[in-house]
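Please read the following report beside the sequence and the coordinates. It takes up backbone details, strands, the core and the ligand shell in turn.

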Amino acid sequence: MKRLDDFRLRLGRHELVPIMIGGMGVDISTSDLALEAARLGGVGHISDAMIKTVSDRRYQTKYVKAKMAQYKYNAENSDKSDVKFNLDHLAEATRLHVESTMSRKTGPGMVFINCMEKLTMNAPKETLKVRMSTALDHGIDGITLAAGLHLGSFALIEDHPRFRDAQLGIIVSSVRALQLFLKKNARLNRLPDYIVVEGPLAGGHLGFGMDWAEHDLATIVAEVLQYLKNEHLDIPVLPAGGIFTGSDAVRFMEMGGAGVQVATRFTVTKECGLPDEVKQEYFKAGEDDIEVNQISPTGYPMRMIKSSPGIGDGIRPNCEAYGYLLDASGKCAYIEAWNREVAAHPDAKRVSVQDKTCLCTHMRNFEIWTCGQLTWRLKDTTHRTPDGSYQLLNAAHVFRDYQFSTDDSIALPEPA
Ligand SMILES: Cc1cc2nc3c(=O)[nH]c(=O)nc-3n(C[C@H](O)[C@H](O)[C@H](O)COP(=O)(O)O)c2cc1C
């Protein structure tokens, strides 16, 4: 049987190992993780989700405090339309993250940034434009626009000098979403450089409804490939979601995939940004411990470990400090849900909100444990140590296992 290393991913003039590590916000796909992928000849992603928080943590800035101080007067107000992002701070935080990552890059691979368009930030177009153009200004190799795709995103950067030279990709979960995007962007005469086709087993938000289990990645990939062939479009397609072994990846390559995007297996690596104790929760999770629910205020279903401490928590909305999910008119579904519970329990010190979560605060604090469907198999990818915990992996080990394994085998690490 073939190995994934028998194939190459061609992106423009670049010839790469066909492994792309997907973006994982908030800073779960760290610079270190992305840089390992690039060093080994593949593609890694940093993420710009909650970039000001990431900047404060990593580069000792004080953006969150500054925003909180500016909008403190509004904390009791349900109307958050005043709470705007300072675009200069947003640009500066993006610059810091991109520059500090790219200055450390080694190897023949590439580093992209994952821009989640669901982060509407109380001014979707203005903020997305700043996020994308600043990343391009400071040398990111490419931008992946994540599901929740805004059809006009490419147009926001059409005047950027790197618009035609940087790699620009999109994530879709259906041939229909791809058709719409291409139609809307036809006037720009600028096709995506790659298309990630994300199926229903992926981590994070899903591009499906609660009927996700009725869809399957191979069928959607086949439809996308057929559509591109009919339209005489030569765009690399990277399947994603539930590709757990090198052999899983090879099967997609043999169908016509140009590479694969993977994430879950890297959540338990040392380079991943999750706290070590949370990585142990990912290892421990059984199949029944993973659910797809509708608590994300974005309106998209999201997959997570059922025991995530953020589920059901009723903290006060923290939009003055964060506010990444505020829509163009300053609304977030969590604020409504929280207000309803507070009105129903006027004497309670703390309410519980079951139907929505304060995703900004909980993702920031690593309290929503989003994960891929096959997280329950992670325990089979390592050793158990005498104290009952699982041995963390190196990103290079997981990367190479995808690259070289055959017959659905998974290489265990050297015992620590
Ligand atoms: C912990 C975690 C966080 C994720 N966060 C994001 C994200 O912020 N943006 C995004 O586009 N995809 C996100 N994803 C999806 C991955 O980038 C990837 O496409 C998908 O999980 C691949 O499937 P796999 O995890 O089964 O390999 C996330 C996945 C995981 C596991």
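Asp-27 is buried, with 26 other C-beta atoms within 10 Å. The term buried stands for 20 or more other C-beta atoms within 10 Å of a residue's own, exposed for 12 or fewer, and partly exposed for anything in between, with C-beta atoms placed from the backbone. The model is predicted, so local features need pLDDT of at least 70 and side-chain atom pairs count only at pLDDT 80 or more, while totals for chains, interfaces and linings use all residues. Residues are numbered from 1 along each chain as its sequence is written.

**Backbone details**

Asp-27 is found in the loop between β3 and α1. Helices (H or I, at least four residues) and strands (E, at least two) are DSSP runs, numbered from the N terminus. Phi of Asp-27 is near 55 degrees, a positive value in a residue that is not glycine.

Asp-407 counts as exposed, because it has 9 C-beta neighbours inside 10 Å.

**Parallel strands**

Strand β5 (residues 110–115) has six of its six residues buried. Met-110, Phe-112 and Asn-114 point one way from β5, and Val-111, Ile-113 and Cys-115 point the other way. In a regular strand the side chains alternate between the two faces of the sheet. Strand β7 (residues 167–172) is also mostly covered, with six of its six residues buried. From β7, Gln-167, Gly-169 and Ile-171 point one way, and Leu-168, Ile-170 and Val-172 the other.

The table lists strand pairs; two strands pair if DSSP finds at least two bridges between them.

| Strands | Sense | Bridges |
|---|---|---|
| β4 (residues 43–47) and β5 | parallel | five bridges |
| β5 and β6 | parallel | four bridges |
| β6 (residues 142–145) and β7 | parallel | four bridges |
| β7 and β8 (residues 194–198) | parallel | four bridges |

His-45 is partnered by Phe-112 in β5, and Ile-113 by Ile-143 in β6. From β5 the chain crosses through helix α5 (residues 124–137) to β6, and this β-α-β crossover is right-handed. A crossover is called right-handed if, with the strands pointing away from the viewer, the path from the first strand over the helix to the second runs clockwise. Ile-143 stands opposite Leu-168 in β7, and Gly-169 has Tyr-194 in β8 as its bridge partner. A right-handed β-α-β unit is also made by β7, helix α7 (residues 175–185) and β8.

**Core and helix cover**

Which residues touch the most other members of the largest nonpolar core? They are Ile-143 and Val-197, in a core of 120 residues. A nonpolar core is a set of buried Ala, Val, Leu, Ile, Met, Phe, Trp, Tyr and Cys residues joined through C-beta atoms within 7 Å. Apart from neighbours within four places in sequence, Ile-143 is in contact with Phe-112, Ile-113, Cys-115, Met-132, Ala-135, Ala-166 and Leu-168. Contact here requires C-beta atoms, placed from the backbone, within 7 Å.

Helix α13 (residues 395–404) has Ala-395, Val-398, Phe-399, Asp-401, Tyr-402 and Gln-403 buried. Their cover includes β3 (19–21), α1 (31–39), α9 (246–255) and β11 (260–262).

**Cys-319**

Cys-319 lies in the loop between β13 (302–305) and α11 (333–344). Cys-319 counts as buried because 28 C-beta neighbours lie inside 10 Å. Leaving out residues up to four places away in sequence, Cys-319 touches Lys-80, Val-83, Leu-326 and Cys-332. Between Cys-319 and Val-172 there are 147 residues in sequence and 29 Å in space, C-alpha to C-alpha.

**Ligand shell**

The ligand is surrounded by 29 residues, of which the closest are Gly-22, Ala-146, Gly-203, Gly-204 and Gly-372. By class, the shell has 14 nonpolar, 14 polar and one charged residues. Ala, Val, Leu, Ile, Met, Phe, Trp, Tyr, Cys and Pro count as nonpolar, Asp, Glu, Lys and Arg as charged, and the others, Gly among them, as polar.

Key: Two residues are in contact if their C-beta atoms, placed from the backbone, lie within 7 Å. A residue is near a molecule or strand if its C-beta atom, placed from the backbone, lies within 6 Å of it.
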